[in-house]
Amino acid sequence: MLYHWLYISTAKVLPRSPEDVMIYLHARNRNADLEITGYLHRENGYYTQYVEGPKNALDQLKLLINKDWRHENIRSLSEGHTPVRRFSGWDMAFTDEEISSFRAVQTRFGYEPDISKAPVQEILHFMDQAVLSGDAQSVADVA
Ligand SMILES: Cc1cc2nc3c(=O)[nH]c(=O)nc-3n(C[C@H](O)[C@H](O)[C@H](O)COP(=O)(O)O)c2cc1C
C-alpha cells in the first residue's frame, strides 16, 4: 500500500550552500532504491516536502529526515494512505523560490502568500503546477 507524508520545516542551512545541495544528492542516491517519489520546495527559509512510497520505505526515510540537523521545527501537514502516486516518475522533483516562487503565484491569485501558513491543498496545487509547467527539476539532473 502507498503512503504519503507532507511536512514543512525550518532550514538551518543556506539556500544553494553545499549542505543544502547535499540533500538533493541524498535523495538521488536513495529514493529510487526505496521506490520513493516526491517533491521538495524551498522558500523563505522553509523546506516543504511531499514524499510517497511503500510504508516501510517511507517510515525509514521519515526517521532520517526527522533527525537531520539541516532543518528543525518539522511540522507534519498531511500523512497517510494514498491511492496513487502524485509524483510518479520523479525520484524527487524540486524547486526553490528563484525557480518558482510560491509567494508570487499565490499573490497573483489572491491566496495566502506565506507557505508556512498556506492550506495543504494550495501547497500541493503549487507543486502539481510546477511539474506540469516544466518548472520543477529532478534530483536525477543535479550535477
Ligand atoms: C529537507 C530535507 C529533505 C530530505 N529529503 C531526502 C530524501 O528525499 N531522500 C533521502 O534519501 N534523504 C533526504 N534527506 C536527507 C536525509 O535526512 C539523510 O540525511 C540522508 O538520507 C542520509 O543519507 P546517508 O545515510 O547516505 O548519509 C533530506 C534532508 C532534508 C533536510
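Which residues does Tyr111 touch, not counting residues up to four places away in sequence? Tyr111 touches Gln106 and Glu122. Touching, or being in contact, has a cut-off here: the C-beta atoms of the two residues, placed from the backbone, lie within 7 Å.

Before going on, two points on reading the model. Residues are numbered from 1 along each chain as its sequence is written. This is a predicted model, in which local features need pLDDT of at least 70, side-chain atom pairs count only at pLDDT 80 or more, and totals for chains, interfaces and linings use all residues.

Back to Tyr111. This residue is found in the loop between helix 3 (102–109) and helix 4. Helices (H or I, at least four residues) and strands (E, at least two) are DSSP runs, numbered from the N terminus. Now look from Tyr111 to Lys55. The two residues are 56 residues apart along the chain, and their C-alpha atoms are separated by 33 Å.

An open sheet of 6 strands has the order 4-1-3-2-5-6, with mixed pairing. The edge strands are strand 4 (71–81) and strand 6 (137–138), and each pairs on one side only. Two strands pair if DSSP finds at least two bridges between them. Strands of a sheet pair through backbone hydrogen bonds, either parallel or antiparallel.

Walk across the sheet from strand 4. Strand 1 and strand 4 run antiparallel and are joined by 8 bridges. Here His4 has Gly80 in strand 4 as its bridge partner. Strand 1 also pairs with strand 3, in the antiparallel sense, over 9 bridges. In that pairing, Trp5 has Val51 in strand 3 as its bridge partner. Strand 1 is mostly covered, with 7 of its 10 residues buried.

Go on to strand 2. Tyr39 stands opposite Ala93 in strand 5. Strand 5 is joined to strand 6 by 2 bridges, and these two run antiparallel. Ala93 stands opposite Ser138 in strand 6. Phe94 has Gln137 as its bridge partner in strand 6.

What lies inside? In soluble globular proteins, nonpolar side chains tend to be buried together. The largest nonpolar core of this model has 30 residues. Such a core is a set of buried Ala, Val, Leu, Ile, Met, Phe, Trp, Tyr and Cys residues joined through C-beta atoms within 7 Å. Those with the most contacts inside the core include Tyr39, Val51, Met92, Ala93 and Phe94. Among the elements that each supply at least two residues of this core are strand 1 (2–11), strand 2 (37–43), strand 5 (93–96) and helix 4 (120–133). Strand 1 gives the most, with 5 residues. Take Met92 as a case. Leaving aside its neighbours within four places in sequence, Met92 is in contact with Ala27, Asn31, Gly38, Tyr39, Leu40 and Val139.

Now turn to the ligand. How many residues surround the ligand? There are 16, and the closest are His26, Ala27, Arg30, Tyr47 and Asp68. A residue is near a molecule if its C-beta atom, placed from the backbone, lies within 6 Å of it. Helix 1 (18–34), strand 3 (46–54) and helix 2 (55–66) each supply at least two residues of this shell. The largest share, 5 residues, comes from helix 1.

Two asparagines deserve a look. Most residues other than glycine have a negative phi, and most peptide bonds are trans. Asn44 has a positive phi of about 55° although it is not a glycine. Its place is in the loop between strand 2 and strand 3. Asn44 counts as partly exposed because it has 15 C-beta neighbours inside 10 Å. Asn73, found in strand 4, has a positive phi of about 50°. Asn73 is exposed, with 12 other C-beta atoms within 10 Å.

Note on methods. Buried ≥ 20, exposed ≤ 12 C-beta atoms within 10 Å, placed from the backbone.
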